Amino acid sequence: MKPLGNLRLGVNIDHVATVRNARGGAYPDPLRAAKLAEEAGADGITAHLREDRRHISDADIEGLMEVLSVPLNFEMAATSEMQQIALRHRPHAVCIVPEKREERTTEGGLEVAREENRLAHFIAPLREAGCRVSIFIAADKKQIEAAARIGAQVIELHTGAYCDAHAEGHFDVRDRELESLREMSAFAHSLGLEVHAGHGLTYDTVKPVAAFPEVMELNIGHFIIGEAIFRGLTPAIHEMRRLMDEARA
């Protein structure tokens, strides 16, 4: 099967804000990182405004809306506070993610099937406001079907289990997770959903996922920001883009 279109790269800048907040000052500036990522060829910028504001702040979101030329993918929990912030700013894309205060990072996909009615009503105003609504979910048929039923335009498949298995050397588990991602990418596409993927992707793990013809966008943050410490943000993004393009070709 030939690729369905160009594979986009969304760069998540959350952990630039994490470093800034460790000292409580203004440096490093996530907005500067976002503009550098844009100049380096990122197709979009992702930022997760958490309930506890542990990294990205409300002011960051306001600033990103003002300075970006590429789309902002606004990650948020399904709360009334976040819905109101999204409706005020009207970013290009809103990605609904699960969120627990005690977690270090997003630990799994959103439970859509059990909260179908609530989530359908939650995302309706966002769609009416012109936001493209994405749901961050596991590669699970039941969850994908529920995401389609509630009116999401996009799903983002959680690649964390695949990446973790690779990092831990559990290659049989890794391969099973990859096959599940492959199958569910095709299934979601068959339902008319646009398919994205992300979480934990590195130079070592990105190519197999980038090769899925149905996947239209990868959102990658922590690894790119970490790699930028050693090689700089622009070269780190260029290398990720090279690997993605190589896999797509």
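Begin by selecting Cys131, a buried residue with a relative accessible area of 2%. Here buried means under 20% relative accessible area, exposed means over 50%, and partly exposed lies in between, for a 1.4 Å probe and protein chains only. The model is predicted: local features need pLDDT of at least 70, side-chain atom pairs count only at pLDDT 80 or more, and totals for chains, interfaces and linings use all residues. Residues are numbered from 1 along each chain as its sequence is written, and side-chain values use heavy atoms, with hydrogens and water left out.

**The cysteines**

A disulfide is a covalent bond between the sulfur atoms of two cysteines. The criterion applied here is a pair of cysteine sulfur atoms within 2.5 Å, and the structure holds zero disulfides.

**Helices α4 and α5**

Next, select helix α4 (residues 80-89) and helix α5 (residues 116-128). Helices (H or I, at least four residues) and strands (E, at least two) are DSSP runs, numbered from the N terminus. Two packed helices are described by the angle between their axes and the distance between the axes. The axes are lines fitted to C-alpha atoms, for helices over the stretch in contact, and angles run from 0 to 180 degrees between N-to-C directions.

For α4 and α5 the angle is about 10 degrees, with the axes 10 Å apart. The two helices are therefore roughly parallel to each other. Angles under 35 degrees count as roughly parallel, over 145 as roughly antiparallel, 65 to 115 as roughly perpendicular, and the rest as oblique.

Display the side chains where the helices meet: Ser80, Gln83, Ala86 and Leu87 in α4 face Phe122, Pro125 and Leu126 in α5 in contact. Contact means heavy atoms within 4.5 Å. Now centre the view on Gln83, which is buried, with a relative accessible area of 13%. Leaving aside residues up to four places away in sequence, Gln83 touches Met76, Phe122, Pro125 and Leu126.

Then move to Arg90, in the loop between α4 and β4 (93-96). Its phi is near 50 degrees, a positive value in a residue other than glycine. Arg90 is exposed, at 52% relative accessibility.

**Helices α5 and α6**

The crossing of α5 past α6 is right-handed. A crossing is left-handed if the near helix is turned anticlockwise from the far one by less than a right angle, and right-handed if clockwise.

**Helices α2 and α11**

Turn to helix α2 (residues 30-39) and helix α11 (residues 233-248), whose axes come within 9 Å and cross at roughly 45 degrees. They are therefore oblique to each other, and α2 passes α11 in a right-handed crossing. Ala33, Leu36 and Ala37 in α2 meet Leu233, Thr234 and Ile237 in α11.

Select Thr234, which is partly exposed at 27% relative accessibility. The C-alpha atoms of Thr234 and Ala37 are 6.6 Å apart in space, although these residues are 197 apart in sequence. Thr234 also touches Leu36 and Ala40, not counting residues up to four places away in sequence.

Pro28 lies in the loop between α1 (14-23) and α2. A cis peptide bond joins Tyr27 and Pro28, with omega about 0 degrees.

**The aromatic pair**

Finally, how many aromatic pairs does a search of the whole structure find? The search finds one: Tyr203 and Phe223 are edge-to-face, 4.7 Å centre to centre, with 80 degrees between the planes. Tyr203 lies in the loop between β7 (194-198) and α9 (206-210) and Phe223 in helix α10 (residues 222-231), so the pair ties together parts that are 20 residues apart in sequence. Rings of Phe, Tyr and Trp (its six-membered ring) pair if their centres lie within 6.5 Å; planes under 30 degrees apart count as stacked, over 60 as edge-to-face, and the rest as tilted. Tyr203 is buried at 14% relative accessibility, whereas Phe223 is partly exposed at 22%.
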